[in-house]
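Hi,

Here is the structure I promised to pass on.

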Amino acid sequence: MTGAEYIAAFLASKGIKHVFLMTGGAATFMIDAIGNRDDLEYICVQHEQAAAMAADAVWRTNGTVGVAMATSGPGATNLLTGIACSYFDSIPALHITGQVNMRESKILGGASPRQIGFQETKIVEMARPITKYAVQVHTPEDLRVELEKAYQEAVTGRMGPVLIDVPMDLQQTEVGDLLPVAPVLDALPADGELSGIAAVINQALEGASRPLIYWGAGVGLAGVGPEVEQWVRATGVPMVSSWNGSTYFDHTMPNYCGTVGVYGNRGGNFLIQNCDVMLVLGSRLDNRQRTGNTKNFAPTARVIVLDIDVEELAKYKNNGYVTAALDFKNLPAVLEQVRMPRPSNAWLEHVALMQERYVGKCQSSYAASIGSQSPYDVIRRVNQLVDRDAVIPNDTGAALCWFFQIFHRTGQTVFTAGGNSPMGYSLPAAIGAKLTAPDRQVVCFSGDGGFQLNLQELQTVVHYNLDMTIVVMNNGGYGIIKQFQDAYMNGRYYGTGTGYSQPDFGKIAHAYGIEYHRIERPDQITPEMFAPKGIRFLDIILDERTQIEPKVEMGRPLNDQFPYLDDAEWAEGNAFVDYKRMGR
C-alpha cells in the first residue's frame, strides 16, 4: 500500500465511517485513497473549519472518533478553531493534514527561510498547544507507528484531538501492509488506591449537613453516566451541573437543581453559595462557573474535586480545595465506598424551595415589559416537540445561554463547544451529528450572528440531503455583548449594532432551496417543523434588546444575579450564610 492507501485502511480498521474534508493539492492522494474504498466516505464541506467542528461532533453524538482532513497551508490553519473546541472540552478527534513534498520543504533547505514549498506551513508547531499529540511523519515506519500512537493518545487518559502531518511524497511511497496492533489494555488500579481516594473524600465529608454534588462533563466522557446517575439518585443529596455535563443524565431526577454559573439557575447558584460541603465530579470549574473571583465561590464550603487531569487540580492549590486525581472509568467503584452525609431537614426544605421557585422557571422580564416574544417560551415549545433521542448542537452567545437555562433534557443529546465557544459551531456540528446518527432527529440551534460564520455549510446540508431543523434566535445583533455594553458602556453598541448587519434569512433559505418559517409567536412552531424528512429554517424573531436572565454581572458572587431580587427574596435564598450585599 502507498502511504495514502495505508491511511485510508487505518481509518477503516478503526470503524470510522466519514472523513470531513475540503480538497487541496497536498491532500489529494489521501482523498483519492479514501474515495476508492467502499467502507469509507469523504464528506466535502465548504470551509475546513467546518470539517474540524463536524469531526468534534461525532464523539459527542455517539462516542466514536471523528476525523477531519485538509491540505497544507491555509487548509491546515483553518482547522485550528475546531481543533481547539475538541482540546478544551476533552473530545477525541483525529486530524490529518497534507504537507508539501519533503524535497521542497525547508527542513531539507539547510537554511531558515519563512517558506520554501508552496503553501508550506508549520502546522505541527501551530497545533501543538491545542492538541494532545501533533507530529509530522517522514518515513513509512513513522507513518505506521505514529498513526496508531496518535489514535491511542486521542482516546486514552484525558481525551483530546491529535494531528498527523503527512508530506505528499510519503503519501505516494510504498509503506507495506496495515500494521497489526495489539489491543491497549487500561492498567487496573490497585484496590487500595481507590479505597484511599474514597477515604480522602469521606474524611472531607464528615460533619456536613448541607451537602451538594456538582456534576461535570468528565462523568459522561468516561462513559459512566448511568452508574453515577443511579448513585446520585440513591444518595438523595441535591445535585447541580455544568452545561457540558448536563447532557449525561435525566433532568427529571428528583434531586437535580439546575445548571449553575454566571448564566446559571438562581436556585442552583444559591445552593452552591450556601452548602457546607460540595463534591465536584469531573468539572474544570472555569470562570464561567466560579466567576472571576474564585474566593466568592462556595465560600463557606469544603470543596472536594475529582478530576483525571492533575494540572486541573493543581490550579486549586490557593483555594484550599481537597483534590484527588482519578480516571473516571473507576469513578463508580470509588463512589460505592463514599458515605455522603445525610442532608439536614432544614437543608432539604431549602433545596425544595429553590427547586420550586427557580428550576425551569426562567422568564424574560424584558420581553414581557414590551410585549415581545420570549426566548424562554420559544425553547419550551421546542422542548415539547423534539424527540426524546434528538441531537441538538448549540452555538454560542445569548442563544446558547437561553437554551441551557431552560431546556429540560430527558434523553436528548445536547452539546456545545463550551470551552472554546466559537461562533458558527452549531451548523457544522449538526452536519457531523446527522451523518453519525442518520436515524435520529437533529436540531441545529444558533443565533443570527453566530450562524453567519459558517452559513456556507447550508450547501453541505443540501448537497448531502441531511434532514434537520435549523433554529436561529434572531435578535438582530450580538445580544450577549449588547447586554455587556448596556451594563458597562452606556449602551454604546460598537461592533454589535453599529457595524453589524445581517441578510434576509428567508432569501438565504430560498437560495439554498430550504423551507423557511418566520416565527413571531411560540405557537407558530408546529410539530411538522420537526418532521423526520426535510430541511427547515426557523427564523425566531426577538426584540434586539432581549436579555439573558439571570446573569451574574462583574464583581458579584453567583448568588446575586441580574435582574436583582428584592432584599427579602435574596435573603431567603441565602438562608444559611450571612452575605453582605453589594449596592445595586
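Predicted model: local features only at pLDDT ≥ 70, side-chain atom pairs only at ≥ 80, totals over all residues.

Residues are numbered from 1 along each chain as its sequence is written, and side-chain values use heavy atoms, with hydrogens and water left out. Helices (H or I, at least four residues) and strands (E, at least two) are DSSP runs, numbered from the N terminus.

Six strands make an open sheet here, in the order 2-1-3-4-6-5, and the pairing is parallel. (Two strands pair if DSSP finds at least two bridges between them.) At the edges you'll find strand 2 (41–44) and strand 5 (133–136), each of which pairs on one side only. From one strand to the next the twist averages 20°. As for angles in general, axes are lines fitted to C-alpha atoms, for helices over the stretch in contact, and angles run from 0 to 180 degrees between N-to-C directions.

Strand 1 (residues 18–21) and strand 3 (residues 66–70) run parallel and are joined by three bridges; Val19 has Val67 of strand 3 as its bridge partner.

Two helices lie across this sheet. Helix 2 (residues 28–35) lies across strand 1, strand 2, strand 3, strand 4 (93–99) and strand 6 (161–167), and it runs at about 125° to strand 2. Helix 7 (residues 140–155) lies across strand 4, strand 5 and strand 6, at about 165° to strand 6.

Strand 7 (residues 211–215) is worth a click. Five of its five residues are buried (buried means under 20% relative accessible area, exposed over 50%, partly exposed in between, with a 1.4 Å probe and protein chains only). In a regular strand the side chains alternate between the two faces of the sheet. Here both faces are covered: Pro211, Ile213 and Trp215 are buried on one side, Leu212 and Tyr214 on the other.

Five bridges join strand 7 to strand 10 (residues 277–281), running parallel, with Val277 as the bridge partner of Pro211. Three bridges join strand 7 to strand 8 (residues 239–241), also parallel, and there Ile213 is partnered by Met239. Strand 8 is in turn joined to strand 9 by two bridges, in parallel, where Met239 has Tyr256 as its bridge partner.

**Helices**

Which helix does helix 3 pass in a right-handed crossing? The partner is helix 20 (a crossing is left-handed if the near helix is turned anticlockwise from the far one by less than a right angle, and right-handed if clockwise). Helix 3 (residues 48–62) and helix 20 (residues 426–436) pack at about 50°, with their axes 7 Å apart. They are therefore oblique to each other (under 35 degrees counts as roughly parallel, over 145 as roughly antiparallel, 65 to 115 as roughly perpendicular and the rest as oblique). Contact means heavy atoms within 4.5 Å, and the residues that make it include Ala50, Met53 and Ala57 of helix 3 and Pro428, Gly432 and Thr436 of helix 20.

In helix 19 (residues 397–406), ten of the ten residues are buried, so this helix is largely enclosed by the rest of the structure. Among them are Leu400, Trp402, Phe403 and Phe404.

Two cis peptide bonds turned up. One joins Glu549 and Pro550, with omega about 5°; the other joins Phe562 and Pro563, with omega about -5°. Pro550 is in the loop between strand 18 (535–541) and helix 25 (567–573), and Pro563 is in the loop between strand 18 and helix 25 too.

Two serines have positive phi. Ser90, in the loop between helix 5 (80–88) and strand 4, has phi near 60° and counts as buried at 8% relative accessibility. Ser421, in the loop between strand 14 (413–415) and helix 20, has phi of about 50° and is partly exposed, with a relative accessible area of 24%.

Cheers
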